[in-house]
Amino acid sequence: MTSNQGALSLFAAQCRRDLRLSLRRRGDIAQPILFAIMVITLFTLATSAEPKKLAELAPGIIWVAILLSSLLSLDAIYRSDFEDGSLEQMLMSPAPLALLIGARILVHWLSAVMPLVVLTPLFAQMLFLPSDLLAPLMISLLVGTPLISLVGAVIAALTVGIRHSGMLLALLALPLYVPILVFGAGAVVAASQGFAWLGAISLLGAGLVIAIVLAPVAAAAAIKISLT
Amino acid sequence: MKALIIWFNTTGSPPNFERYAARWIPIWFVLAFVCLLIGTAGGLFMVPADSKQGEIFRIIYIHVPAAWMSLFVFIVMAAQAFIALVWRIKICEILTIACAHIGLMFTAVTLITGSIWGKPTWGAWWTWDPRLTSELVLLFIYLGIIGLYNAIEDRRSAARAAAFLVLIGLINVPIVHFSVTWWNTLHQGETIRIVGESKMATELMWPLIVMTLATKFWFLGSVLQRARTMNLAHEANKDWAKKLAESKQ
Amino acid sequence: MNDFSANSLVLEVKQLSYFRNEEKIFGPINFSLSGGNALLVTGDNGSGKTTLLRVLSGLLKAQSGEITVSKPGQTYSDLSHACAYLAHKPGHKAELSCIENLEYLQAIFDNVKPELIEPALAKVGLSGYEDTPAKQLSAGQNKRLGLARVLLSHSPCWLLDEPYANLDLQGIELVNQLIREQTGRGGAVLLTTHGAYAAPAVPCQTLVLANSRAEQ
């Protein structure tokens with residue numbers, strides 16, 4: 001069943017809707033930022049304020065803070081559409097569901113995760129990250145966070161009908177996030193030790209390319225499984 | 001090939017599966033117990049102690065087969081999950097979940113025996129050795145599959161969602177292992193390896209083979225047992241199940 | 001508006017049953033519905049009316065029985081892509097205005113005709129509320145927005161699950177009028193109600209679901 005409209009205009013219509021929604025729900029953008037800052041603050045308070053100690057762990061702390069914050073916001077990626085019946089309408093429309101989901105994931109990353117990446121220099125300052133590590137950190141996050149959103153969207157699709165699924169979502173997503181975290185944060189650790197770190201980034205990049213193609217399709221299939 | 005498909009279809013129907021399981025479960029468990037006895041006796045008494053580690057190394061006869069099974073079961077589970085998703089065969093949905101539980105147990109045994117081995121040998125109950133770390137992530141994957149299945153009310157949807165997750169997990173397991181191994185090379189610390197560099201001499205090998213056989217038989221018996229119970233529970237309203245219950249009373 | 005007689009469909013259902021966890025929700029059901037007619041599905045709460053509509057719409061798959069949807073030149077196994085479904089859930093976003101919601105829905109349903117949006121809103125009694133976010137509308141007004149959506153879909157078959165819920169007397173008459181117009185155009189309507197509301201003043205068959213048995 002083909003649409004008279006092109007795929008691009010469908011994608012654009014979905015993006016337009018989702019961007020409007022995230023701009024009108026101020027919390028969607030502010031809460032992830034606050035959460036990440038909280039994690040960093042709590043970690044510092046729980047360990048030590050010594051610059052040297054914090055600097056050593058800074059890449060890992062920032063990566064984990066952003067990862068946890070993304071996980072929290074991913075829980076809600078389909079929730080509102082499921083609850084008000086919009087997801088059903090999307091399923092019943094002739095538009096390819098994978099295309100609509102792809103748009104949804106993109107807007108989710110732009111509104112909930114990308115601001116965190118933009119604020120990373122601030123987080124780096126809070127944790128005394130050496131300035132020569134900022135570039136590897138930013139690059140690893142730019143490549144890794146879309147991957148987190150894409151993979152997380154597939155898992156969220158499997159749990160879409162389940163009530164109070166936040167904890168379950170985290171449990172299911174964790175094994176999938178391990179490689180992303182390892183290569184992402186590990187790239188910065190490698191850079192700090194003077195090793196070549198671009199290899200890890202290119203692995204992430206390859207994963208990202210595959211995920212951009214496959215994740216929306218997988219998420220669409222998972223939504224169909226969850227809703228029927 | 002055709003005969004295999006026909007056998008598959010007939011055995012896959014719930015009442016036939018009940019008969020098939022009832023016949024084979026005792027056989028597999030008996031074989032498993034025999035192998036367990038021989039393997040344990042061999043591992044504990046007949047094989048000499050290791051020169052470096054002493055008696056504790058004997059735990060390898062449980063640890064290694066359990067580790068192999070934790071991965072083998074995953075592959076079997078993935079095959080069942082694929083069939084369940086593509087052909088929607090009820091018994092394969094049940095077998096997928098049954099495998100998940102058994103795989104979880106083997107993974108837990110691997111981790112616990114690994115931990116017990118680690119304490120006297122390297123002084124710590126836990127190390128972030130790449131193999132143990134991958135095994136821990138595997139534990140979470142199994143827990144996730146079971147957790148997802150239990151969280152969805154409609155049993156068939158639950159099985160399909162869990163099967164989907166299994167296939168995602170199948171791709172993920174080697175990636176995790178690769179990433180954790182790479183991560184380990186980043187850290188200049190002692191490279192601890194659970195299975196020592198020294199290859200096993202042949203006279204130490206045979207209990208390992210026997211125990212591996214034992215775990216395979218144990219797996220077959222357990223998975224059929226669990227699948228049989230689930231099958232009966234799900235089909236409890238059907239006539240054949242009611243007749244079976246009455247005839248047992 | 002447009003005439004469906006050239007594009008009308010015939011829905012045939014044979015021995016349709018649906019089970020959940022081995023428990024029968026409804027069935028076996030038999031009926032046939034063609035363009036220009038309405039089918040009223042009644043039954044007590046829990047008799048499977050909503051599930052029946054979801055099965056017909058293609059959201060759920062029945063375990064036994066057959067659904068045939070015949071349009072000129074094509075046959076389908078369910079009504080997906082050929083129906084407009086109005087359910088308990090609104091099907092639109094609370095934060096978006098009426099116009100924004102309908103624009104989006106037109107886009108994904110491949111029906112982009114922005115000039116038709118405001119007349120549709122006027123028809124359902126929402127003129128003046130075009131730019132109001134749906135969360136500021138009452139439950140009845142949200143229902144009317146859903147009706148506008150169904151109207152704009154130009155679909156040959158309407159599946160309406162308890163369309164009278166939340167509506168005042170004028171709203172109920174609006175639904176009846178819309179159903180009359182849809183069948184007048186040659187379209188088909190399938191609606192459920194649990195009998196507390198007046199049936200539409202349209203010739204319609206009735207299907208009664210009662211604890212997984214159906215009589216016609």
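# Close-up views of a predicted model

**View 1. The surroundings of C:Val124.** C:Val124 touches C:Arg144, C:Leu147, C:Ala148 and C:Leu174, leaving aside residues up to four places away in sequence. Touching, or contact, means that the C-beta atoms of two residues, placed from the backbone, lie within 7 Å. This is a predicted model, in which local features need pLDDT of at least 70, side-chain atom pairs count only at pLDDT 80 or more, and totals for chains, interfaces and linings use all residues. Residues are numbered from 1 along each chain as its sequence is written, while chains are lettered from A and ligands numbered from 1 in the order in which they are written. C:Val124 lies in the loop between helix H3 (117-123) and helix H4 (139-152) of chain C. Helices (H or I, at least four residues) and strands (E, at least two) are DSSP runs, numbered from the N terminus. Is C:Val124 buried or exposed? C:Val124 is buried, because 23 other C-beta atoms lie within 10 Å. A residue is buried if 20 or more other C-beta atoms lie within 10 Å of its own, exposed if 12 or fewer, and partly exposed in between, with C-beta atoms placed from the backbone. C:Arg149 is 25 residues away from C:Val124 along the chain, and their C-alpha atoms are separated by 10.0 Å.

**View 2. Strand E8 of chain C, enclosed by the rest of the structure.** Strand E8 covers residues 188-193 of chain C. Of its 6 residues, 6 are buried, so E8(C) is largely enclosed by the rest of the structure. Both faces are covered. One side carries C:Ala188, C:Leu190 and C:Thr192, and the other carries C:Val189, C:Leu191 and C:Thr193. E8(C) pairs with strand E3 (residues 38-43) of chain C in the parallel sense, over 5 bridges. Two strands pair if DSSP finds at least two bridges between them. In this pairing, C:Thr42 stands opposite C:Thr193. E7(C) also pairs with E8(C) in the parallel sense, over 5 bridges. There, C:Leu159 stands opposite C:Leu190.

**View 3. An open sheet in chain C.** The sheet has 4 strands in the order E2-E1-E4-E5, with antiparallel pairing. Strand E2 (23-34) and strand E5 (74-76) are the edge strands, and each pairs on one side only. Neighbouring strands are turned by 20° against each other on average, direction ignored. Strand E4 (residues 64-71) pairs with E5(C) over 3 bridges, in the antiparallel sense. C:Ser70 has C:Thr75 of E5(C) as its bridge partner.

**View 4. Positive phi at A:His164 and C:Glu162.** A:His164 has a phi near 50°, a positive value in a residue other than glycine. A:His164 sits in the loop between helix H8 (134-158) and H9 of chain A. A:His164 is exposed, with 8 other C-beta atoms within 10 Å. C:Glu162 also has a positive phi, near 50°. The loop that holds C:Glu162 runs between strand E7 (157-161) and helix H5 (169-184) of chain C. C:Glu162 counts as partly exposed, because it has 19 C-beta neighbours inside 10 Å.

**View 5. Chain A against chain B.** Here 20 residues of chain A are in contact with 23 residues of chain B. H9 and helix H10 (198-227) of chain A each supply at least two residues of the side of chain A that touches chain B. H9(A) gives the largest share, 13 residues. What kinds of residue make up this side of chain A? It divides into 16 nonpolar, 4 polar and no charged residues. Ala, Val, Leu, Ile, Met, Phe, Trp, Tyr, Cys and Pro count as nonpolar, Asp, Glu, Lys and Arg as charged, and the others, Gly among them, as polar.

**View 6. Chain C against chain A.** In this interface, 25 residues of chain C are in contact with 25 residues of chain A. Helix H2 (residues 98-108) of chain C provides the largest share of the chain C side, 5 residues. The chain C side holds 13 nonpolar, 6 polar and 6 charged residues.

**View 7. The largest nonpolar core.** This core has 199 residues. A nonpolar core is a set of buried Ala, Val, Leu, Ile, Met, Phe, Trp, Tyr and Cys residues joined through C-beta atoms within 7 Å. A:Ala153 and B:Ala162 have the most contacts inside it. Helix H9 (residues 166-192) of chain A contributes the largest share of the core, 15 residues. The residues that A:Ala153 touches include A:Leu74, A:Ile101 and A:Ala215, not counting residues up to four places away in sequence.

Conventions
Axes are lines fitted to C-alpha atoms, for helices over the stretch in contact, and angles run from 0 to 180 degrees between N-to-C directions.
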